Amino acid sequence: MNKVVTRFAPSPTGGLHVGAMRTALFSYLWAKHNNGKFLLRIEDTDRERLVEGAVLEFESSLKWMGLDFDDEIIYQSNRKEIHKNYAEKLVSEGKAYKCFCSKERLKDIREFQEANSLPPGYDKHCRKLSKEKISDLEANNTPYVIRFAMPEEGRANWDDAVRGKMSLEYALSDDQILMKSDGWPTYFLASAIDDHDSGVTDIIRGEEWIPSTPKNIAIYEALGWEVPRFAHMPVTIGESGKKLSKRDGDTSVVDYKKKGYLPEALLNFLVLLGWNPKTEDEFFSKDELIKRFELSDINKSPAVFDLKRLDWMNGQYIRKTETKKLQKIINELYPDAKILTLSNFDRILEIEKTRLTKLSDILENTDFYINLPKYDPKSLIFKKSNKEDTIKALNLVTKALAYFTLVTWEEMSIVDFENVLKKVVEENNLSNGDVFWPVRFALSGEERSPSPTELLWALGKEESESRISKAIKTIK
């Protein structure tokens with residue numbers, strides 16, 4: 001156990017949700033912090049619940065987040081015979097047994113336990129069968145599962161990397177099924193075998209797995225293997241303090257990508273759900289996280305999934321990202337968006353990215369760049385101005401802008417346009433409100449929009465002059 005090896009082992013029964021991605025992230029960071037390996041294993045032994053395309057989604061989501069796994073993907077289904085051999089070995093050593101109980105009998109047990117307020121679990125009936133009875137049942141081809149014979153006394157003790165010394169009685173766990181009647185292994189058997197064969201040293205998972213840990217430890221001990229280290233992360237809850245739901249943000253990583261969240265932002269947000277960097281810094285690169293990440297810095301208390309904070313963080317990352325890179329991402333995410341057909345989209349994105357929370361916002365808040373909305377002419381007049389000064393200002397701005405050629409306009413900066421409008425104000429006894437407000441409204445038709453100087457720069461000479469001309473005719 002000198003070299004740290006971790007694994008992410010999702011079941012392909014659905015999409016990869018952010019909670020599972022946090023598990024993958026912590027496992028990845030711990031492995032890379034120790035120059036170890038991060039493995040991807042697909043736990044596909046539940047053949048009835050497999051979802052087509054799930055594995056491809058797992059791969060693409062990990063790649064998008066920058067979590068590259070080592071070696072080839074491990075498919076549990078390819079190791080079925082290995083699992084079966086170990087199950088039979090445990091039976092031959094008296095550490096597991098064949099259970100011939102029918103579904104009807106198991107149902108009766110559950111109903112009896114519920115009616116009498118007894119703890120749920122198998123009653124170990126078949127654990128007490130004689131060899132003769134077992135031979136008779138086998139001779140009649142009675143279907144059976146293989147159950148693990150949990151120790152009936154003693155305790156499972158482990159030093160949890162997050163929670164410290166922990167201890168639970170073995171007797172609190174029932175005799176877990178290891179091999180189903182169809183010959184497929186269950187999670188408890190397959191995961192232990194695959195973890196051992198892959199050299200996994202650290203199992204990082206949610207705290208909801210704590211009650212199952214004695215079962216895991218007992219199987220390792222029964223097989224004579226060294227028990228890996230467990231690290232149980234705190235549960236993630238919604239802002240209401242209850243279990244995380246779709247309403248709180250518990251959706252797939254793919255959904256976050258489609259909405260326009262950047263992988264760097266989601267990664268940074270997820271790592272802070274439980275991990276304490278012991279600093280006031282809020283933004284970390286992946287390399288910084290690898291360098292600083294320690295399992296001992298994971299909190300025990302629940303982590304609150306605050307969507308507003310994720311939105312804020314994503315907006316910060318959008319502002320820091322080069323416009324050309326954002327443009328490429330938007331093109332890939334929303335290839336049919338009308339705004340992408342505009343020749344000046346790069347300039348639109350440059351000024352709009354300071355206002356974006358998600359990249360998808362560019363599709364919802366920017367229609368006025370394509371078609372100027374209809375507006376009440378009175379909206380052109382600043383609240384402290386009047387119709388006459390507004391018309392005067394728009395005419396003067398038109399005259400000032402006419403001085404610049406198409407080529408010159410393209411070379412001008414936002415500051416240059418600001419100087420043009422300021423000059424109109426200063427030389428004509430007008431206020432900023434007289435000039436800046438009507439120009440901005442003429443260009444956007446919106447009460448909330450980028451500044452008039454940003455719009456002049458983004459829209460270009462012909463479109464800007466056309467919109468201001470229409471505004472003058474409208475107000476007259």
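# Talking through a predicted model

Me: Where does the charged end of Arg-147 sit?
Reply: In this model, which is predicted, the charged end of Arg-147 sits over the ring of Tyr-122, at 3.8 Å from the centre of that ring.

Me: And what about Lys-320, where does that one lie?
Reply: Lys-320 lies over the face of Tyr-317, and the distance to the ring centre is 5.5 Å.

Me: Staying with rings, how many aromatic pairs does the structure hold?
Reply: There are 19 aromatic pairs in the structure. In one of them, Trp-437 and Phe-441, the ring centres are 5.9 Å apart and the planes stand at 35°, so the pair is tilted.

Me: Where do Trp-437 and Phe-441 lie?
Reply: Both belong to helix 19, which covers residues 432-444, and they are 4 residues apart, or about one turn of the helix. In general, an α-helix has 3.6 residues a turn, so residues three or four places apart point the same way.

Me: Is Phe-441 buried or exposed?
Reply: Phe-441 counts as buried because its relative accessibility is 3%, while Trp-437, at 25%, counts as partly exposed.

Me: Which residues form an aromatic cluster?
Reply: One aromatic cluster is formed by Phe-26, Trp-275, Phe-284 and Phe-293.

Me: How many bridges join strand 4 to strand 5?
Reply: The two strands, which run antiparallel, are joined by 4 bridges, and strand 5 takes in residues 145-148. As an example of a bridge pairing, Lys-98 has Ile-146 in strand 5 as its partner.

Me: And which strands make up the parallel sheet?
Reply: The parallel sheet is also open and consists of 3 strands in the order 1-2-3, with strand 1 (5-8) and strand 3 (74-75) at the edges, each pairing on one side only. Strand 2 (residues 37-42) is joined to strand 3 by 2 bridges, and Arg-41 stands opposite Ile-74 in strand 3.

Me: Which strands does helix 2 lie across?
Reply: Helix 2 lies across strand 1, strand 2 and strand 3, and its direction makes an angle of about 160° with strand 2. Helix 6, residues 187-198, also lies across strand 1, strand 2 and strand 3, running at about 145° to strand 2.

Me: At what angle do helix 12 and helix 13 pack?
Reply: Helix 12 (residues 323-333) and helix 13 (residues 345-352) pack at about 110°, and their axes are 10 Å apart, which means that helix 12 is roughly perpendicular to helix 13. Where they meet, helix 12 contributes Thr-323, Leu-326, Gln-327 and Ile-330, and helix 13 contributes Phe-345, Asp-346, Leu-349 and Glu-350.

Me: Why is helix 9 described as largely enclosed?
Reply: Helix 9, residues 263-271, is largely enclosed by the rest of the structure because 8 of its 9 residues are buried. Among the buried ones are Pro-263, Asn-268 and Phe-269, and the buried residues of this helix pack against helix 1 (18-33), helix 2 (54-64), helix 8 (253-259), helix 10 (286-292) and helix 11 (307-320).

Me: What does Leu-118 touch?
Reply: Leaving out residues up to four places away in sequence, Leu-118 touches Phe-112 and Gln-113. Leu-118 is found in the loop between helix 4 and helix 5, and it is partly exposed, with a relative accessible area of 40%.

Me: And where is Asn-141 placed?
Reply: Asn-141 is in the loop between helix 5 and strand 5; it has a positive phi of about 55° although it is not a glycine, and it is exposed, with a relative accessible area of 66%.

Technical notes
Residues are numbered from 1 along each chain as its sequence is written. This is a predicted model: local features need pLDDT of at least 70, side-chain atom pairs count only at pLDDT 80 or more; totals for chains, interfaces and linings use all residues. Side-chain values use heavy atoms; hydrogens and water are left out. Rings of Phe, Tyr and Trp (its six-membered ring) pair if their centres lie within 6.5 Å; planes under 30 degrees apart count as stacked, over 60 as edge-to-face and the rest as tilted. Buried means under 20% relative accessible area, exposed over 50%, partly exposed in between (1.4 Å probe, protein chains only). A charge sits over a ring if NZ of Lys or CZ of Arg is within 6 Å of the ring centre and within 35 degrees of the ring normal. Two strands pair if DSSP finds at least two bridges between them. Axes are lines fitted to C-alpha atoms, for helices over the stretch in contact, and angles run from 0 to 180 degrees between N-to-C directions. Angles under 35 degrees count as roughly parallel, over 145 as roughly antiparallel, 65 to 115 as roughly perpendicular and the rest as oblique. Contact means heavy atoms within 4.5 Å.
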